[in-house]
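I opened this notebook to keep track of what I looked up in one structure, entry by entry. My plan is to go from the whole chain down to single residues.

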Amino acid sequence: MPLLSEDDRKAIRQHFSTMENTVEVTLTHSPDGPGDSGAILGELAGLTDRIRLVTAPSPETAPPSISVGEHGRVRFMGTPSGYEFSTLLTAIIDAGRSGTKLSPATIEFIGGLREELNIMVFVTPTCPHCPGAGVLAHRMAAASPMVSASVIEAQEYPDLAGAHRVMGVPRTVVNERYHAEGNMSETVLVTALSRAMASGRADAFINLSEFIS
Amino acid sequence: MEFHLPPDNSGTGSVVDLVIAGGGPAALSAALYAARYGLGHIVLESWQPGGQAALTALIENYPGVPSVPGAKLSGIMRSQALEAGARFTTETVSSVEPLGEGFLVRTESASHTAKTLIIATGAAPAKLGVPGEDRYYGRGVSFCATCDAPFYRGRRVVVVGGGDSAVKEALHLSGVASGLVLVHRRDTLRAEPRLAQRLLDCPTCEVRWNSTLKAVTGDEQGVTGVDLETPSGLEHLDTDGVFLYVGTKPATGPFRGLVELDARGAVLTRNIVETSRPGVYAAGDVTSNGFRQVVTAASDGARAAWAAFEYLEDRRQN
Ligand SMILES: Cc1cc2nc3c(=O)[nH]c(=O)nc-3n(C[C@H](O)[C@H](O)[C@H](O)COP(=O)(O)OP(=O)(O)OC[C@H]3O[C@@H](n4cnc5c(N)ncnc54)[C@H](O)[C@@H]3O)c2cc1C
């Protein structure tokens, strides 16, 4: 029995038909096997010849992780179900198209970066606000070798979520220091982040909401 | 396992008869009708597929669909609109300017020119404005039980509010939390009697009547308690989370100056969907219309699309 319904498959084929390039998608999984993530990715790869699926077994017992694109900067940690499925699909479709959906102001910010950005976005599959935050981080990572982004399913990574005190989603954490709660718009997040980075503040935790005018 | 599909991302701008701003039940219904009327249209929706309807685990009062997760109901509405030929793009409307014959609708990444506009941008949760509310947002203060309930398994939560959303989401949270206190400023719940009774019967739930939240308290890790004003004086309650359902704020920022708003900031309507400006219609929770439900938003959306169609037909004939 396939996981995706016939209606979903039809809609996904339609999305995939806009891809111009082949995208490498790598699934890293524990010795227990590729599990639901493997099944979902297998079904997606069966709907287009634009996905090259690579499976990488790992000796570590950790939940699955997925990386989109050969550069490895766009990552997804956990099973891509619920709203997280749409985040993964968007990352794949974006990678298969040329250009970027980011605004000119965001491109300028990324272009001027002098330190690398490592973005983590914590999410749950039942959170309709989450894809907005996850997709923005992924798009920033896809646009520049200075940025990498992981969308993390908080319940499957309780230790990581606990270490970052996640009690609500989406929670965006940049370079382990700057954090943003909720789904901020692209303009608001990028403006607040650039102001916070320029402020030279050295606190261990900086809430980006302090930098929204 | 549930799978939600991504919205579409064309985002290159367009020239159309009708722009529909929003992505909740009102916009989805307007899109279905606009597509069936053959109107050249585009739906501009920000990244919150399904709107507020998607923020609730179960909807039991949408006619024809006995009991359905909110996200699923809006997913069905979207598929039906797509099937009819509706066109969506993920863009947040930032401003609208009247042009000679229509409107210039600007988003973060593109511009659209339209002869008519339907405002269906709904509403966002209102804040209380008490100390600690902003500071602990995301660290114990939440406006979304479906998103954040998993973090409160076996923990204590406080829910503030007494309307349908507060009571429904309290019932959802009571399924995971070890104990729940509903704080309500009146002496009876405003929620549907059927929902209210379920809450009063819930063995792990308590209600603090005639009480208001004065402050959210916490430490470096997050929320640890709340201060309440109750009929017997100030009370401190220990809690791990606070969920706020104290009303909503209409999402009318981009339309200020374009159409008349009421004191709450909602689009003032006449005949349900007409605004102060010809060619601009409004539907659903963004309007001053009294009752705010999925069924009323869907109904307004249909009326607004019809009104836009009639307006365009009149112009074509004259
Ligand atoms: C927790 C909760 C439980 C509920 N339970 C029920 C229930 O059981 N039954 C019931 O009938 N109703 C229920 N409701 C109410 C119901 O969800 C709303 O009445 C309904 O969703 C309103 O629909 P709408 O389309 O008018 O607005 P919304 O649902 O608010 O949708 C508005 C949409 O517009 C988008 N948007 C906002 N600004 C912009 C912009 N500038 N540009 C583009 N897009 C924008 C938003 O992202 C959103 O997707 C509940 C609400 C909540 C919060």
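The entries below follow the order in which I looked things up.

**Entry 1: what kind of model, and chain A as a whole.** I noted before anything else that this is a predicted model. I then looked up the secondary structure of chain A and found seven helices and nine strands. Its radius of gyration is 17 Å, close to the 17 Å that the globule rule gives for 213 residues, so chain A is as compact as a globular protein of that length. Taken along the principal axes, the box that its C-alpha atoms fill is roughly 55 × 35 × 30 Å.

**Entry 2: inside and surface of chain A.** I looked up burial next, and 56% of the 213 residues of chain A count as buried. Among the contacts in chain A with a separation of 6 or more, 75% come from residues 24 or more positions apart. The chain exposes about 8,800 Å², of which carbon and sulfur atoms supply 52%. I also looked up the charged side chains, which are 16 positive and 24 negative, with the centres of the two sets 6 Å apart.

**Entry 3: the sheet of chain A.** In which order do the strands of the open sheet in chain A stand? I wrote the order down as E2-E1-E3-E4-E6-E5-E7-E8-E9, nine strands with mixed pairing. At the edges stand strand E2 (51-57) and strand E9 (206-207), each with a single partner strand, so one side of each is left without a neighbour in the sheet.

I then followed some of the pairs through this sheet. Strand E1 (residues 23-29) of chain A is joined to E3(A) by four bridges and runs antiparallel to it, and here A:Thr28 stands opposite A:Ser65. Strand E3 (residues 65-68) also pairs with strand E4 (residues 74-77) in the antiparallel sense, again over four bridges, with A:Ile66 opposite A:Phe76. The hairpin of E3(A) and E4(A) has five residues between the strands, and in it A:Gly69 takes a positive phi near 95°. E4(A) runs parallel to strand E6 (residues 147-153), to which four bridges join it, and A:Phe76 stands opposite A:Val151 there.

**Entry 4: backbone details in the loops of chain A.** I looked up the peptide bond from A:Val169 to A:Pro170, and it is cis, with omega near -5°. A:Pro170 is found in the loop between helix H6 (158-163) and strand E7 (171-174). A:Arg165 is also placed in the loop between H6 and E7 of chain A, and it has a positive phi of about 55° although it is not a glycine. A:Asn175, another residue other than glycine, has a positive phi near 50° and is found in the loop between E7 and strand E8 (178-181).

**Entry 5: chain B.** I turned to the open sheet of five strands in chain B, which has the order E8-E15-E9-E10-E11 and parallel pairing. Strand E8 (141-142) and E11 of chain B stand at its edges, each with a single partner strand, so one side of each is left without a neighbour in the sheet. E10(B) and E11(B) pair over four bridges, and B:Arg208 in E11(B) is the bridge partner of B:Val183. In helix H4 (residues 164-174) of chain B, the buried residues include B:Ala166, B:Val167 and B:Leu171. Their cover includes strand E9 (156-160) and helix H5 (193-201) of chain B.

Terms used
Residues are numbered from 1 along each chain as its sequence is written. Chains are lettered from A and ligands numbered from 1 in the order in which they are written. This is a predicted model: local features need pLDDT of at least 70, side-chain atom pairs count only at pLDDT 80 or more; totals for chains, interfaces and linings use all residues. Side-chain values use heavy atoms; hydrogens and water are left out. Helices (H or I, at least four residues) and strands (E, at least two) are DSSP runs, numbered from the N terminus. The radius of gyration is taken over C-alpha atoms; the globule rule is 2.2 Å times the number of residues to the power 0.38. Buried means under 20% relative accessible area, exposed over 50%, partly exposed in between (1.4 Å probe, protein chains only). Contact means heavy atoms within 4.5 Å. Accessible areas come from the Shrake-Rupley method with a 1.4 Å probe; for residues, only the protein chains shown count as cover. Lys and Arg count as positive and Asp and Glu as negative; His and the chain ends are not counted. The place of a charge is taken as NZ of Lys, CZ of Arg, CG of Asp or CD of Glu. Two strands pair if DSSP finds at least two bridges between them.
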